[in-house]
Amino acid sequence: MSNIVSRRGFIRIAGAASLLGLAGCSQGNGGGSAEPDKADTSTEGLTSTSGKTLKVLCTSESYKALFDKFTSEVGAPVEYISMSSGEVLSKLKAEGGKPAADLWFGGGIDSFMSAADSGLLERVDFDRASEFAEGFKSEDNYWFSKGATIVGFIVNNDILDEIGAEKPASWADLASSDYKGEIMMSSPAVSGTNYAAVAAILQTMGEDKGWEYLTALNENIPYYTKRGSDPSTRVAAGEAAVGITYIDNTLDDILADGTLEIVYPEEGMPYIPDGVAAFANADDTEDAKLFIQWFFSSDENLRALADIDKKSTILLALPTIDGLELDFDPSQLMTEDLSRFGSDRDATLARWDEVTSGKEVVSSK
Amino acid sequence: MRSTIRRRCGSALDFALLFVLAAFCAVFVVWPIGSFVWQALPFSGSAPNMLEVLTQNSGAILNSVFVAVLVSLLSCAIALAVALVVTFGRRGWASLVTGLVTLSLASPPFVASLAYIELFGRRGLVTHGLLGLSVSPYGWQGIVFMEALFFTGINVILLDSVLERVDKSAVSAALDLGAPMRRVFADIILPLLRPGVAVCLLLTFVRSIADYATPVVIGGKFETISTQIYVRVVGYSDLGAAAVLNLVLFAASFVAFIAYRRLGSTLDVASKSLGASVRPADDEAGFRLRGALGVFAHVVTAAFSSAIVAVYATIVHAAFTKGMGWSAPLTLDNLTHLMEYNVDAIGRSILYALLSAGASTLIGLLAAYFVHRRRVAGSFLLDFLTSLPYTIPGICLGLGYILAFNRPPLELVGTSTIIVAVLTAKEIAISTRAFTAALAQVPPELDMAAKDLGAPDTSVLWGVLAPNLRSAFGVSLINGFTGSMMAYAAVLFLIVPGHKTAIFELFDALSGGKYGEAAMISLALVAITSLVCAAFGRLLVKRRS
Amino acid sequence: MFLELSHLSKSFGSHEVIDDLCLSVEKGEVMCLLGASGCGKTTTLRLVGGFLAPDGGRVVIDGQDVTGMSPEIRPTATVFQSYALFPHMSVVENVGYGVRFSGATRAEAKQRAMEMLEAVGLSECASSRVQDISGGQQQRVALARALVLGPKVLLLDEPFSNLDANLRIRMREEVRQIQRRFGVTMVFVTHDREEAMSFADRLAIMRNGKILQVATPREAYDHPADLYCARFLGHVNELDVPGGTRFFRDEAVTLGKEGGVLGVVGDATYLGGYWRYELLVGESRVYVRAPANQRYARGATVPFVIDQTIDV
């Protein structure tokens with residue numbers, strides 16, 4: 001049943017995307033062509049004249065190659081630093097509307113939505129903006145998504161053997177008492193990935209059943225970690241049997257030794273689009289806008305990204321890219337109403353706080 | 001005539017130096033910290049319900065206090081044992097332990113935590129590999145263990161310097177009067193050490209309560225004030241609640257400060273009277289570590305040393321292997337990666353650390369001189385302000401800096417200046433303590449003599465006092481350098497693209513599960529820190545004829 | 001008067017250390033502040049040197065009121081009890097240190113320091129480190145460092161207390177010679193009466209922040225202002241005789257001379273060149289001196305005459 005729902009969900013997304021693509025520039029402000037086959041050449045006229053350096057907050061150091069490509073093709077040098085989206089958001093708010101960086105590259109869109117609502121992001125209009133799938137960019141072009149983070153399980157077979165438990169196959173399995181104290185999950189307040197999990201479960205199961213499930217799951221989780229990468233690294237280190245984690249090919253490194261395995265849960269995988277945006281009122285907004293235009297307008301750039309990220313989820317955002325294929329069955333994704341990710345965030349986290357309270361803070365005996 | 005002009009310039013310079021000190025405190029301590037605390041106050045707009053935040057977090061507050069008390073007691077006890085071995089033990093053994101103590105200061109605690117998990121975790125080499133246990137390393141025990149291990153180093157250095165000053169003639173006299181060694185320890189050495197131990201307890205308490213990195217890595221479900229502050233800031237962008245929690249730490253640090261001041265003065269008095277006494281020659285009979293006390297001290301020292309060795313062995317192993325675990329194959333990939341990606345950041349870290357070590361040493365010297373030697377008006381306030389940044393969590397300090405310096409008149413966000421400033425502010429407390437202790441050793445007649453000979457105040461400071469404070473310069477520079485190299489939370493929000501430091505890359509690698517790369521960066525940091533400290537350490541070696 | 005202290009007072013908290021103190025010192029004179037620990041003598045020296053500010057009163061040097069002047073511009077120089085030599089400087093650097101602040105160039109400072117070292121007989125250890133020279137040499141370095149500035153008044157705080165007994169006597173003579181050569185006015189502080197009497201032109205005996213007596217050593221010894229002063233400078237015998245109590249010094253008697261008092265010999269101590277006898281006179285006990293050739297056995301009854309009494 002849920003599989004059917006998921007598959008339908010994906011079809012809806014893909015359909016909407018292609019529809020929008022055909023509809024052309026109705027959403028974007030630019031008036032140029034949106035034909036996919038022209039995308040590769042549309043970056044040619046872009047040249048930076050600012051004489052400034054583009055400063056990027058990104059989620060990983062590995063984007064260096066992409067930034068170098070921008071510098072050589074468009075001209076502006078790039079400096080970058082990696083930061084989690086929660087850190088970026090707090091930094092932005094503390095900076096009081098004068099951001100020290102120009103471009104935000106990567107991070108769960110819940111943070112991007114929140115930043116856009118606070119007026120911290122800059123609108124960027126360009127031709128291809130119209131080709132994005134629904135939910136993968138803000139309606140008014142304040143943020144765009146460069147793919148999605150997919151959530152699944154990572155399991156340590158060694159530890160499963162030790163506790164005599166089966167490999168969990170579904171979200172429902174995780175609520176079993178077999179896994180008591182053996183599940184690692186990051187706090188959804190800190191990790192966009194785990195926020196996506198919570199939000200998707202609530203949307204899929206409905207509020208009441210969803211919270212019921214999360215309450216049951218909470219019983220099995222010894223504590224919530226504070227960084228999105230903790231569940232996978234700790235399960236890899238043998239500290240727990242199951243981790244609720246992002247899934248992409250960067251996990252290959254730790255999967256190599258054989259005791260670890262990825263599980264794609266039966267009910268489907270939550271996902272959260274990965275955002276890109278220019279900061280409002282920044283020093284070098286011009287180059288930030290150029291970057292976004294340059295980046296999304298060329299399939300070559302997007303393929304370079306897919307190469308770095310070791311995933312092709314950019315296709316979920318821009319289904320019109322040539323030369324990329326999804327390496328998983330999109331029907332495995334959960335159905336999500338992405339538009340509610342931002343608006344529901346505060347209420348969801350407040351409720352989550354309540355449900356899990358007493359879990360985070362445990363006084364010593 | 002010429003001399004009059006010189007004197008006028010001298011007093012103007014003296015005033016200027018006092019102004020530099022006061023201005024630094026006002027601009028880089030009061031303003032940013034005030035800006036942050038402002039968020040907690042009812043009329044700031046973002047203010048939360050203070051009582052509600054406090055009751056919600058009462059568990060975390062109790063946890064923090066619980067851990068801080070345990071860590072203080074444990075690390076001081078270990079430090080005392082190690083310091084006894086370093087001071088009175090056999091020479092070769094003592095210098096080996098001294099080396100390990102210095103090494104323990106050269107890596108941030110969260111790296112050590114990584115080693116802790118690999119050694120004592122559920123699949124740890126010791127717990128699982130050797131003992132066949134399957135235990136979770138996460139929890140307060142882990143925090144206490146790691147913090148105790150890490151804070152012991154600085155306590156050993158402090159206690160050792162006090163032990164060095166214990167009047168050997170008092171020890172000789174006690175032995176002469178027929179006291180057995182253990183009684184000499186209990187009746188003579190321990191009472192003289194008491195203020196030093198108390199200072200260690202207080203400093204450790206304050207540092208533990210403000211430590212974020214250790215609990216977040218191995219605290220597990222055990223929440224502390226610092227981790228709650230982090231979650232409030234990063235998860236909820238709730239600066240108000242974070243500021244309220246920060247006020248709790250403020251209160252703790254103020255109490256510690258008052259206690260420190262009272263103890264500090266007794267410490268000064270003790271060392272003054274000791275410094276004045278005549279010491280017997282070195283080859284005379286003195287205190288020897290023997291009996292139960294000796295065995296105990298050596299066992300504790302051996303345990304401490306093995307822990308440090310184990311931590312570094314783990315880091316070295318991780319740096320040269322691929323993937324995780326103890327069976328991973330050897331590789332040089334991490335070194336290649338380091339050379340390719342991290343060299344810039346390491347270079348920048350060194351530059352920042354050198355600048356802030358220099359600046360904090362200068363400010364610390366000025367603070368110690370004006371506050372403790374000259375006792376200028378407002379000394380109490382200046383003293384408190386210089387010790388404040390050390391005692392609040394780095395994340396709060398960093399946010400305060402953003403709030404204060406993101407608009408004119410001082411728009412520093414995004415510059416290197418702000419990073420050097422925050423690192424400097426964080427280390428002046430220790431610099432000031434080092435210089436205060438050293439100044440207490442310099443007889444006040446020296447200042448009088450210099451003034452009497454016509455030297456203006458500034459000449460007294462530079463020409464007469466400073467050259468006699470070599471060891472304090474050494475301690476201050478070493479501490480400032482290592483502290484700045486390791487600072488993460490304080491600069492988290494201040495680092496902008498292009499100004500990345502090595503510790504950032506280390507934390508990134510760690511977060512990404514790239515333990516090999518992380519370990520390699522740590523090794524590089526340890527190597528650099530050791531080299532630089534060895535250079536500064538030359539200042540510590542007194543000139544002897 | 002060259003140095004004039006008038007109505008100085010100083011309190012630390014509620015404790016009054018100096019109480020309405022007045023003292024005049026002539027040019028070229030060596031004045032000694034003598035008294036027991038805590039009598040305020042060092043505080044007085046600090047007030048003259050400018051290290052402490054008086055609560056009341058004035059310090060005038062050579063007609064100039066220096067009360068408000070800080071030590072660096074006051075025309076005084078101090079030799080500290082610990083010498084306070086700068087441990088990181090050589091001998092010549094120590095001596096030349098203050099010269100630089102009078103506007104001299106580095107070369108001039110060095111030259112004047114060398115001249116001064118010559119004068120105090122230390123030129124051969126000019127480049128030594130101060131820790132490597134003897135206590136007596138350190139003392140001379142401290143003196144040279146102060147004298148090279150040509151102070152109007154030289155202040156010395158317990159100057160010889162760190163030296164052993166023989167060296168102390170030698171240094172006393174040397175410092176006195178140097179003082180005469182430079183004709184500098186000196187105020188020095190000591191609790192040692194022998195040092196005070198052998199070194200000073202005049203003594204100021206202090207007690208509880210007050211000066212009890214200012215006089216030459218001889219005057220003070222023979223005609224003390226009161227019993228405290230008398231006892232501070234030497235032993236005083238107290239004997240009740242018909243007509244009242246007599247106070248007299250040990251040596252102010254002629255032993256064996258009839259017509260005075262009779263005493264029974266108790267302990268006898270030979271002190272090199274003379275005897276010191278304990279005599280029991282009735283209920284009283286007195287100590288007297290006698291030449292080496294006057295030997296009395298224990299228990300002998302000996303007559304003696306008091307030649308000079310102390311009137312207090």
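Colleague: How many residues does the contact take from chain C and from chain B?

Modeller: The model before us is predicted. In it, chain C brings 30 residues to the contact and chain B brings 24 residues.

Colleague: What is the area buried between chain C and chain B, and what part of it do carbon and sulfur atoms give?

Modeller: Buried area is the accessible area that two parts lose on being put together, summed over both. Between chain C and chain B this comes to about 2,300 Å², with 59% of it from carbon and sulfur atoms. On the chain C side, 31% of the area buried against chain B is supplied by Glu72(C), His88(C) and Phe101(C), more than any other three residues.

Colleague: How many salt bridges does the rule find across the interface of chain C and chain B?

Modeller: A salt bridge calls for a side-chain nitrogen of Lys or Arg within 4 Å of a carboxyl oxygen of Asp or Glu. Across this interface the rule finds one. Its partners are Lys451(B) and Glu72(C), whose side chains meet at 3.2 Å, N to O. As for polar contacts, four residue pairs are counted between chain C and chain B, both residues being at pLDDT 80 or more.

Colleague: Which elements give two or more residues to the side of chain C that touches chain B?

Modeller: They are helix H1 (41-49), strand S6 (76-79) and helix H4 (135-147) of chain C. S6(C) gives the most, with three residues. By class, this side of chain C has 15 nonpolar, nine polar and six charged residues.

Colleague: Let us turn to salt bridges elsewhere. What is the count over all chains?

Modeller: The rule gives 41 salt bridges over all chains. One of them joins Asp68(A) to Lys64(A), with the closest N and O atoms 3.4 Å apart. Both residues lie in helix H2 (residues 64-74) of chain A, and they are four residues apart, about one turn of the helix.

Colleague: Which residue forms a salt bridge with Glu122(A)?

Modeller: The partner is Lys289(A), and the closest N and O atoms are 3.7 Å apart. Glu122(A) belongs to strand S4 (residues 121-122) of chain A and Lys289(A) to helix H11 (residues 285-297) of chain A, so this pair ties together parts that are 167 residues apart in sequence. Glu122(A) is partly exposed at 22% relative accessibility, and Lys289(A) is partly exposed at 31%.

Colleague: Which residues do salt bridges that share partners join into one network?

Modeller: The network is made of Asp14(B), Arg374(B), Lys451(B), Asp457(B) and Glu72(C). Lys451(B) and Glu72(C) are the pair whose side chains meet in a salt bridge at 3.2 Å.

Conventions: Residues numbered from 1 in each chain as written. Chains lettered and ligands numbered in written order. Predicted model: local features only at pLDDT ≥ 70, side-chain atom pairs only at ≥ 80, totals over all residues. Heavy atoms only, no water. Contact = heavy atoms within 4.5 Å. Buried area = accessible area lost by both parts, 1.4 Å probe. Polar contact = N/O pair within 3.5 Å; in protein donor to acceptor, adjacent residues only side chain to side chain. Nonpolar A, V, L, I, M, F, W, Y, C, P; charged D, E, K, R; others polar. Buried < 20%, exposed > 50% of the residue type's maximum accessible area, 1.4 Å probe, protein only.
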